Structure formats: C-alpha cells, structure tokens
Amino acid sequence: QVQVVESGGGLVQAGGSLRLSCAASGINFSSYAMAWFRQAPGKERESVAAISRSGSSTYYSDSVKGRFTISRDNAKNTVYLQMNSLKPEDTAVYFCAATRSPTYSANRYYTESYEYDFWGQGTQVTVSS
C-alpha cells in the first residue's frame, strides 16, 4: 500500500521559515519523481516545486523561486521543501505528490498535477502579516 505523508506545516509570521517533509512508503522511492503543490482557498491547485528521481533537476514556480528549496533523501524515502522569506500569499494547503519516472528520464521533473500518481493528504501552511 502506497502512502505519502506530509508534515511540518503550521503558523508562521511573514518573513519566517518552515520546512515541510514528505515521507513515502510502499514504493521504490528512488524511481519516483516528486513534487510539491499548493492550493489556497478559492484557487486552483498549483505546482510549487518539483524534483527528478535523480535529484539533479529541480523546478520552481516564479512565485517561490529564490525563496523555496526542494530536496530529497532517497535513503530516507523523503522529500523536503525548505520555505524561507514566507509571505501571506504563501498561505495554502501544501500537497506532496509522487510519480514513477523511467530510468531514461532520471533527470526529468514533472510539473502538472495529472502527471502524478500518488498524493498526500496535505499540510496547512498559514503565514500571518
């Protein structure tokens, strides 16, 4: 049974930092590309950051570039999202997602929600002004 579990969300003041973690089980983690998405109230789910199965390629949306960092530890089956200089507009539920990535695409990341097979339940991030 595949499980994707996020943790690390919470309430933080603007300018502060949080680190989200996502632990995956039931899959061969090193064969999966991973990503973080977020959804704010009344808005569509959007891609925030993505990382290839190899960890060598990463993607960031324009809204978080330079402030957020995605990384992975294949030995721990975990992907992280370090969020710095948080803004009120970063308030959302953050979701972790996993998609199987073939060996020949080891350096490819995926940014569309339909490309992902497994999702976590989400963790709330609230940034106060």
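**Burial, salt bridges and strand pairing**

User: Why is Glu115 called buried?

Analyst: Glu115 has a relative accessible area of 19%, and buried means under 20%, with exposed set at over 50% and partly exposed in between (1.4 Å probe, protein chains only), so Glu115 counts as buried. This is a predicted model, in which local features need pLDDT of at least 70 and side-chain atom pairs count only at pLDDT 80 or more, while totals for chains, interfaces and linings use all residues. Residues are numbered from 1 along each chain as its sequence is written, and side-chain values use heavy atoms, with hydrogens and water left out.

User: What makes the contact of Arg108 with Glu115 a salt bridge?

Analyst: The term asks for a side-chain nitrogen of Lys or Arg within 4 Å of a carboxyl oxygen of Asp or Glu, and the closest N and O atoms of Arg108 and Glu115 are 3.4 Å apart, so the pair qualifies. Arg108 itself, at 42%, is partly exposed.

User: Why are strands E3 and E8 called paired?

Analyst: Strands are DSSP runs (E, at least two residues), and two of them pair if DSSP finds at least two bridges between them; E3 (residues 18–25) and E8 (residues 78–83) have six, in the antiparallel sense, so they count as paired. Ser21, for instance, has Tyr80 in E8 as its bridge partner.

Conventions
Helices (H or I, at least four residues) and strands (E, at least two) are DSSP runs, numbered from the N terminus.
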